[in-house]
Amino acid sequence: METTVQIRQRGTLTLPVEIREKYGIQAGDIFRLVDIEGTMVFTPMVAMVPELAREIERLRLEAGLSLDQLLVSLRQQRERYYEEHYAAAKPG
């Protein structure tokens, strides 16, 4: 797809509705503009937290763990990490 856009007086750029609909672009979405030797690449900034949450959920389901089992395991891992890294360093 090829289209022409115009930069307005205050630097705003309007993306044609066809492009917004094709890529699901909504008001407030954040993009990165990269200048590669005169070619501008416009890419969406993907929020990492939702992406990581989806990946954790996928792995949890693959492992056949309930949410409660996952939380218990995380608590155990946190306690073990604390003991290994901090409890041994305490004086006394």
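**Aromatic pairs, a buried arginine and a surface patch**

At 45% relative accessibility, tyrosine 86 counts as partly exposed, a class that lies between buried (under 20% relative accessible area) and exposed (over 50%), computed with a 1.4 Å probe and protein chains only. The model is predicted, so local features need pLDDT of at least 70 and side-chain atom pairs count only at pLDDT 80 or more, while totals for chains, interfaces and linings use all residues. Residues are numbered from 1 along each chain as its sequence is written, and side-chain values use heavy atoms, with hydrogens and water left out.

The structure holds 3 aromatic pairs; rings of Phe, Tyr and Trp (its six-membered ring) pair if their centres lie within 6.5 Å, and planes under 30 degrees apart count as stacked, over 60 as edge-to-face and the rest as tilted. Phenylalanine 31 and phenylalanine 42 form a stacked pair, with 4.5 Å from centre to centre and 5 degrees between the planes. Because phenylalanine 31 belongs to strand S1 (residues 31-36) and phenylalanine 42 to strand S2 (residues 39-44), this pair ties together parts that are 11 residues apart in sequence. Helices (H or I, at least four residues) and strands (E, at least two) are DSSP runs, numbered from the N terminus. Phenylalanine 31 is partly exposed at 23% relative accessibility, and phenylalanine 42 is also partly exposed, at 42%.

Tyrosine 81 and tyrosine 86 form an edge-to-face pair, 6.3 Å centre to centre with 65 degrees between the planes. Tyrosine 81 has 44% relative accessibility and counts as partly exposed. Ring pairs link Tyr81, Tyr82 and Tyr86 into a cluster.

Is arginine 60 buried or exposed? Its relative accessible area is 14%, so arginine 60 is buried. Arginine 60 is placed in helix H2 (residues 48-63). Its side chain reaches the backbone oxygen of leucine 65 at 2.6 Å. Leaving aside residues up to four places away in sequence, arginine 60 touches Leu65, Ser66, Leu67 and Leu70, where contact means heavy atoms within 4.5 Å.

On the surface, Val5, Ile7 and Leu13 form a nonpolar patch with about 240 Å² of accessible area together. Such areas come from the Shrake-Rupley method with a 1.4 Å probe, and for residues only the protein chains shown count as cover. Patches are made of residues with over 30% relative accessible area and no salt bridge, joining like charges within 9 Å and nonpolar side chains (Val, Leu, Ile, Met, Phe, Trp, Tyr) within 5 Å; a salt bridge is a side-chain nitrogen of Lys or Arg within 4 Å of a carboxyl oxygen of Asp or Glu. Leucine 13 lies in the segment before helix H1 (17-23) and is partly exposed, with a relative accessible area of 36%.

Methods: A polar contact is a pair of N or O atoms within 3.5 Å; within protein, one must be able to donate a hydrogen and the other to accept it, and residues adjacent in sequence count only if both atoms are side-chain atoms.
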